[in-house]
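Try each one before you read the solution.

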Amino acid sequence: MLKNERVATILSTVNQSGVVTVQELVDALNVSSMTIRRDLDELEQEHQIIRIHGGAQSRHFSDKQEASYIQKRKLHVTEKSSIAQRVAEMIDENETIFLGPGTTNELVSKYLKLTNLRIVTNSLPVFERFRDEHGSYELCLVGGTYRERSGAFIGSLAIELLKNIKMHKAFVGVNGINGNSIMNANSDEGQTQSIALDQSQEKFVVADHSKLDRNDFYTFYQLDRCDGLITDQDVDPQVLKRYQKITHVFTSLDKKQKERFA
């Protein structure tokens, strides 16, 4: 296959799938990972795709369609892992913790070393990770109407249960944060997250740097009502300063703030 044909195939695959990994393209085109990365870099320089850690994302997909939780697992993996580790460090023994839907929160179980915890979640993927990796924890799966795209249970049944639960800390994921507005793609899911935050003594938002200064469909909470925003170390310094004026911002490099939860 000539280079022009290969690049055209890569672009078509990315646009059709929304998110594609380097390995998927290697397997499909039978070329080296170095060749694929070089082609992806060229496509990004031409503003035809968005390069992400380990692959590429369609520009059209980013603007017009909410990614499924399976597709989101391919995005910003390194950043999400650092945030998940940060979240785990902020959780103490014997606490009741709410973990909302999101691929970052799915990774938290990997870094928890505590003995006794109660985990409350309305996310089936989060529940399954903790069931498989921390069978000794008390797990509470909030039921309701299942939303397949995010793997979350939402709606009146979920809200009714959450209104009767008190939690020490809540960690919720978002699709976008712009100024004081915290947003996601679905109003029912947003309302469920809002109730979980209200029912928690300490409230935290988890978002990799790509979610900052980004809008989505539904504003479900205000950032200045939260105790902190947890993001990765790749956040732009100027963006970081703006959000520090609204709430505490925690990153994996922030040793002083880390001591608050030691």
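**Exercise 1.** Find the side-chain partner of Thr96 in a polar contact, then describe the setting of Thr96.

*Solution.* Start with the side chain: Thr96 makes a polar contact with the side chain of Arg118 at 2.6 Å (a pair of N or O atoms within 3.5 Å, one able to donate a hydrogen and the other to accept it; residues adjacent in sequence count only if both atoms are side-chain atoms). Keep in mind that this is a predicted model, where local features need pLDDT of at least 70, side-chain atom pairs count only at pLDDT 80 or more, and totals for chains, interfaces and linings use all residues. Residues are numbered from 1 along each chain as its sequence is written, and side-chain values use heavy atoms, leaving out hydrogens and water.

Thr96 counts as buried because its relative accessibility is 5% (buried is under 20% relative accessible area, exposed over 50%, partly exposed in between, with a 1.4 Å probe and protein chains only).

**Exercise 2.** Which way do the residues of strand E3 (residues 55-58) point?

*Solution.* Gly55 and Gln57 go one way, Ala56 and Ser58 the other, and all are buried.

**Exercise 3.** Where does Asn30 lie, and is Asn30 buried or exposed?

*Solution.* Asn30 is in the loop between helix H2 (22-29) and helix H3 (33-45). With 71% relative accessibility, Asn30 counts as exposed.

Key
Helix = DSSP H or I, 4+ residues; strand = E, 2+ residues; numbered from the N terminus.
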